[in-house]
Structure formats: C-alpha cells, structure tokens
Amino acid sequence: MSNINNVAIIGSGPAGYTAAIYAARANLKPILVSGIQPGGQLTITTDVENYPGYENPIQGPWLMDQMQKQSLLVGTSIINSHVEKVKLDEDIKKLYLDNGKIIETKTVIICTGAQARWLGIENEQKLQGHGLSACATCDGFFFKDKIVAVIGGGNTAAEEALFLTKFASKVIIIHRRDKLRAEKILQERLIENDKIDFLWNSEVKKFHGDMELTSIEVFDNKENKNFNMDIDGVFVAIGHDPATSLFKDQIDMDDNGYILTKPDSTQTSLSGVFAAGDVKDKIYRQAVTAAGMGCMAALEVEKYLE
Ligand code: NDP
C-alpha cells in the first residue's frame, strides 16, 4: 500500500502551497500537482501591496516562488504536470496526469483556482495575442506609445489600466455602467492619472481586424447606438471563472461552477475531498484568503486521516 498517498493537492496558487506547507509539517508527505500555470494567477500580476508581512510592495511571481520553495523545504513533492481526469468517489481517489501517471491518494485538496473570463464575441478568439489580451503584465510591453482599452470596472481592470500607463500613450477604460466596482484607492489613482480616460455605459460588441486588432464596435447603452473606435490594443478584465470542469458531475457546485463546501469548512460533497481558494470562493478571491483556506483544508485532511 506504500504507493497510496495521504494527500494530493491539485493546483499551485496560494491555496495549494499553503495546504502543502501545513500538510508537510503534519508529516503527511503531500504531493502537489502544479498544473498548467504553476504559481497561479499571482504569477501574472506585478505589485502586491496587500499580502501581509511586507512593508513595501512585492512582486506576485516572487511571492509564489517563495511559497513554492517553502513548501519544498518542509517536505512537499511537487509534480510539474496537469491532471486530466479524476475519480474521487471511492476511498482511494485517483488522479490521472497528462504524463500518463496515476496518483492514488486517500484525500484530495482541490486548489485549481480561476481563469480570466472572455466576452465571447466575434473575432475574440482569433485576435487573442494579436492586439487582444487578458493580461497587461504579460503583454503591456508591446503597446509602447499606443492607444489601448481596458474592458471592465473591477479591481483587475483598474490595476491593468494603471499598469498599462507605463507603456501606452492613452488607456481608455470601457465599462458597461457609470460606476466602477474597484476599491476607492484604485479609483482615485485612475482619476489622478492623465493618461486614463473613461468610456461609461459602453459595451464592446465586436473586435475588428484580419491579422491584428484594428478597431472595436461599441454599444452605448445609454444613447442606444453603436459606434466604431480605432484602437491598438484591448485588455479584457471582466472577472474570472472557476477552473472546475475536471470535477463536473462528481462534486456539488453552484450555478457558476464554484465548488460548494460545508459552512466554515473546506469539505466538499465527497468524503475525503476538500476545496480551497478561488475555486470555491467567489466573494473574497484574495491571495491571503486563498492561503487561509489552504491552511484550513490541510488541517481538515489531518483530522480526516486520523
Ligand atoms: P470583478 O468581478 O470584481 O469585476 C469584473 C468587472 O467586469 C465588473 O466591473 C463587471 O461589471 C465587468 N464585467 C463582467 N462581465 C462583463 C461583461 N460580460 N461585459 C462587460 N463587463 C463585464 O472581477 P475582478 O477580476 O476585477 O476582481 C475579482 C476579485 O479579485 C475581486 O474580489 C477583486 O477585489 C479581487 N482583486 C483584488 C486585487 C487587489 O486587491 N489588489 C487585484 C485584482 C482583483 P459590473 O461592475 O457592471 O458588474
């Protein structure tokens, strides 16, 4: 029975690494499968100013690198692979990896996080990487002295817009309402920034361009009319969807695909299966709350195995 693990963690964001650190320190010898984007969403952000313990802003990728090193140091085994299929409804759960290996484990902690949401409109897929992006940190550099738009009104849109002012000559925030939902401090920074303009009550309906994005079709929902706007680049920042397709029909989820857990717990609808971080949390979605839930999940695993 020696090849049956105590706990396998799927995902390598703050929830996954924190679960790994706690499980390793409880001598459970955790295995962590890192997934397609090791380090998760924080690896595509820049300044992090709200993770406690650091006086000055730190870099997202650096924070994740530290968490990975810490989890390794205390005894986590990290597998750089992707889980393709799971079988979770038996005492010994099975994770099927894309390298052909199968992990057998008594418990699983799901920390697969969430992914950027797209608008689902004409030419969106075709123009991704050709003037259209969902990650300013990754692609902002290509828009030096250009005019770009950011779609959305939340914290992500605000941060993307502020970041893009380092490169672009003008950043237009296109928002479907006339009020942002971003934190007040970010709103103030946007308003103070000369490079940032707002297009309120506006919805992007179509992207134009053959090889590269050239313009967008915008619907003004107050005036009830469409217009075209030339633009060099667009960054879509309209939120995220949980990465849960792998668990569909096996675990209870809400209508938006977030995994449901028992109150004040990370316990899912399946015995021995726990979920932590953005994959089960559509309210807070912060690195620090994800890390906290990762800790909870590891403690609950420890209790379950007893
Ligand atoms: P949010 O869900 O907060 O915001 C999404 C924005 O996109 C909203 O303004 C929404 O409009 C708009 N939107 C959604 N769907 C569409 C659509 N189909 N067409 C046009 N606009 C659309 O997502 P975020 O990614 O901004 O943030 C997610 C969470 O992460 C939040 O809790 C946020 O606070 C947190 N976060 C924190 C950061 C930090 O603390 N530094 C950084 C980034 C994120 P509407 O307002 O009309 O609903």
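Biologist: By this rule, with a side-chain nitrogen of Lys or Arg within 4 Å of a carboxyl oxygen of Asp or Glu, to how many salt bridges does the count come?

Modeller: The model is a predicted one, and side chains of opposite charge can pair when their charged atoms come close. Some of these salt bridges share partners, and in that way K87, D89 and E90 are joined into one network. By this rule the count of salt bridges comes to 10.

Biologist: About how much of the helix separates K69 and D65 in helix α2?

Modeller: The side chains of K69 and D65 meet in a salt bridge, at 2.9 Å from N to O. K69 is partly exposed, with a relative accessible area of 48%, and D65 is also partly exposed, with a value of 30%. Because K69 and D65 are four residues apart in helix α2 (residues 60-73), their separation is about one helical turn.

Biologist: In which strand does K170, the salt-bridge partner of D197, lie?

Modeller: The closest N and O atoms of D197 and K170 are 3.6 Å apart, and the two residues form a salt bridge. D197 counts as partly exposed at 34% relative accessibility, and K170 is partly exposed as well, at 23%. D197 belongs to strand β13 (residues 196-199), so the pair ties together parts 27 residues apart in sequence, with K170 lying in strand β12 (residues 170-174).

Biologist: Which side chain of opposite charge is nearest to E160, and how far away is it?

Modeller: E160 lies in helix α5, which spans residues 155-164. Leaving out residues up to four places away in sequence, E160 touches A134, C135, A136, T137, V150, F235 and A237. E160 is buried yet has no salt bridge, and the nearest side chain of opposite charge is that of K166, at a distance of 11 Å.

Biologist: Is the crossing in which α5 passes α6 left-handed or right-handed?

Modeller: The axes of α5 and helix α6 (residues 184-192) come within 10 Å and cross at roughly 35 degrees. The contact is made by N155, A158, E159, A161 and L162 of α5 together with L186, R189 and L190 of α6. By class, this contact has five nonpolar, one polar and two charged residues. The crossing of α5 past α6 is left-handed.

Biologist: How many charged residues does the contact of α1 with α7 have?

Modeller: Helix α1 (residues 14-25) and helix α7 (residues 287-305) pack at an angle of about 35 degrees, with their axes 7 Å apart. Among the residues that meet are A15, A19 and Y22 in α1 and A291, G294 and A298 in α7. By class, this contact has 11 nonpolar and two polar residues, and the number of charged residues is none.

Conventions. Residues are numbered from 1 along each chain as its sequence is written. This is a predicted model: local features need pLDDT of at least 70, side-chain atom pairs count only at pLDDT 80 or more; totals for chains, interfaces and linings use all residues. Side-chain values use heavy atoms; hydrogens and water are left out. Helices (H or I, at least four residues) and strands (E, at least two) are DSSP runs, numbered from the N terminus. Buried means under 20% relative accessible area, exposed over 50%, partly exposed in between (1.4 Å probe, protein chains only). Lys and Arg count as positive and Asp and Glu as negative; His and the chain ends are not counted. Contact means heavy atoms within 4.5 Å. Axes are lines fitted to C-alpha atoms, for helices over the stretch in contact, and angles run from 0 to 180 degrees between N-to-C directions. Ala, Val, Leu, Ile, Met, Phe, Trp, Tyr, Cys and Pro count as nonpolar, Asp, Glu, Lys and Arg as charged, and the others, Gly among them, as polar. A crossing is left-handed if the near helix is turned anticlockwise from the far one by less than a right angle, and right-handed if clockwise.
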